[in-house]
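Student: I would like to learn how to read the packing of helices and strands in a model. Could you take me through one?

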There are 2 protein chains.
Amino acid sequence: MKGPRRAHARFDEAGAVALFSRHFSRISGPAVALGIGDDAAVLLPPGSPLVVTVDASVEGTHFERSLLGLEDVGARAFEAALSDLAAMGARPLAALSALTLPRGFTPRELERLTRGQASASRRCRCPVIGGNVAKGPALSLTTVALGLAQRPLTRSGAKLGDDCWLVGEVGLAAAGLALLRQKSRRRSLHLARCIDAWRRPEALLARGLALESLAHAAIDVSDGLAGDAGRLASASGCRLLLEEAPLRRALPRALVVAAAELGRDPLELALSGGEDYALVAAGPAARKPRWARRIGRFTRGRGGYLERADGSRVPLGFGFDHFEP
Amino acid sequence: MKGPRRAHARFDEAGAVALFSRHFSRISGPAVALGIGDDAAVLLPPGSPLVVTVDASVEGTHFERSLLGLEDVGARAFEAALSDLAAMGARPLAALSALTLPRGFTPRELERLTRGQASASRRCRCPVIGGNVAKGPALSLTTVALGLAQRPLTRSGAKLGDDCWLVGEVGLAAAGLALLRQKSRRRSLHLARCIDAWRRPEALLARGLALESLAHAAIDVSDGLAGDAGRLASASGCRLLLEEAPLRRALPRALVVAAAELGRDPLELALSGGEDYALVAAGPAARKPRWARRIGRFTRGRGGYLERADGSRVPLGFGFDHFEP
């Protein structure tokens, strides 16, 4: 846990350690030998493979404070990082938080931000054991997540003939963000659910753990269903066929209502929207758990396609990321 | 290893993974079960306690590109994070790199940055196994370092009567930065050494490992000798007495020459300057290794003082960080 250089200090190391300790020390774990306050944190030797990931949430890129309270910003950044553990079928062990705070960021604002992180840390049963605070031009939260998995679930394990499973919802967060941007006055339970999905996503940790023994491969949906499922197919050397009919059936009512309000196709929102932190997995039909929905299959070949009811196929290109000028 | 949101993409996930893989995959370690390219990296179960730290290097706060090449920026950020492992007496296991890249940052610039990180990764024998790339308003590098230590060396273990040891040099980097800022034309081997110390610090990993079995406590000097040694004393519930005479004798010739050039007191540069990433340790006189220099002692009481040759004591307050308005 280190503080900022003196020249730019507003929160010094002692202050940041005190604040972090206050919020994060109540949430501990059996593996934590040394938490916040030293040069580094120490974990007891873990008995199974260690899964490690780092994820950044940067103001202006991943969130805008005009649309999101600071508690949401903190919780959301934490859940996004933990979602990578869910996708690996890993049980959370501990997290570290590196914050960059803009000039003028007040202790009260920092308090709200860390309160959001702490609430997600509690929900995920994942103690924050260290971190870093630095001054910078924009607010950013970089979260390190460590987890344990006896047999980590990679992206590359899908087998020919596997079904494509969707766990959780997709498209709600994208619809929620679009609703917020459009400053729509209309409010309904359905629309509120979309906005909540964007503001307060939850990493599907229990589902990920359960998938570890059922699925061959998994990925979390942060950049859009089409893109992320396509990445899984590509890493596994398969072709992805998303089937329109079961996918449409899997869309939640709230998404259909929100899409109508936005004048958009709910399927397009589902395919291109990320940040719900749903999981996509590949597994044999016989092992599909009831809470996963079959939305397609992996076949011989390359690329990703949406298979229409009439059997025609549309490339899923729009969901894939690419170098933009 | 995740890429940026599409709306701000210039380096997409695939591009960043390819670049990271090219630079970092040649440096591997026996513990790495899964490296760059999935939702998270996987390490084999380590047999000893795991030491984890995260450190950020933000443009405008920790470095200016006008004074530092991008390879230096990359190497320096990496060594700074690894220095926390050195201070814990930990052997490097693996690292992750989360980059924030400003608009207009070119693939060639990213290449130089990662080349610097890779060179430090090789020097430290610490493979980079994952990371994150995001767009943001300024260049920043957040480095996660994982290490192993049978008996991690904390800040809080100093005992009454322990000597204060300095391992490595202090003040050179501060002098080097001041020389660069002053745009001094004079160049000599001594001045060049100071500038090098600031541009290319090296984490004292082997020394840290050796200290693990000799010292009672350690900290790395990133914010200045007075402040960091004071933090060690404070965490250990001791008073720190830095002794002027042995401390002056420990100052390298290059620092004395640079201080003269700058019109400053070399002792003041040594006390207040950080970023050399020296180590300060507390240990019993009988166990001092020859490469550590005794510069003071830990006694009953609180706070930190510089003890003059005549026995008078000056509070070391100026080296401690504090809330600034």
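Tutor: Let us begin with contact, which means heavy atoms within 4.5 Å. Helices (H or I, at least four residues) and strands (E, at least two) are DSSP runs, numbered from the N terminus. This is a predicted model, in which local features need pLDDT of at least 70 and side-chain atom pairs count only at pLDDT 80 or more, while totals for chains, interfaces and linings use all residues. Residues are numbered from 1 along each chain as its sequence is written, chains are lettered from A and ligands numbered from 1 in the order in which they are written, and side-chain values use heavy atoms, with hydrogens and water left out.

Student: Which residues of H4(B) meet H9(B)?

Tutor: From H4(B), Leu172(B), Ala175(B), Ala178(B) and Leu179(B) touch Ala254(B), Leu255(B), Ala258(B), Glu261(B) and Leu262(B) of H9(B).

Student: At what angle do the axes of H4(B) and H9(B) cross?

Tutor: Axes are lines fitted to C-alpha atoms, for helices over the stretch in contact, and angles run from 0 to 180 degrees between N-to-C directions. Here the axes of H4 (residues 172–181) and H9 (residues 253–262) of chain B cross at roughly 35° and come within 10 Å.

Student: In what order do the strands of the open sheet lie?

Tutor: Two strands pair if DSSP finds at least two bridges between them. In chain B, seven strands with mixed pairing follow the order S8-S10-S7-S11-S9-S12-S13, and the edge strands, S8 (217–220) and S13 (313–315) of chain B, each pair on one side only. S8(B) and S10 (residues 279–283) of chain B run antiparallel, joined by four bridges, and Ala217(B) stands opposite Ala282(B) in S10(B).
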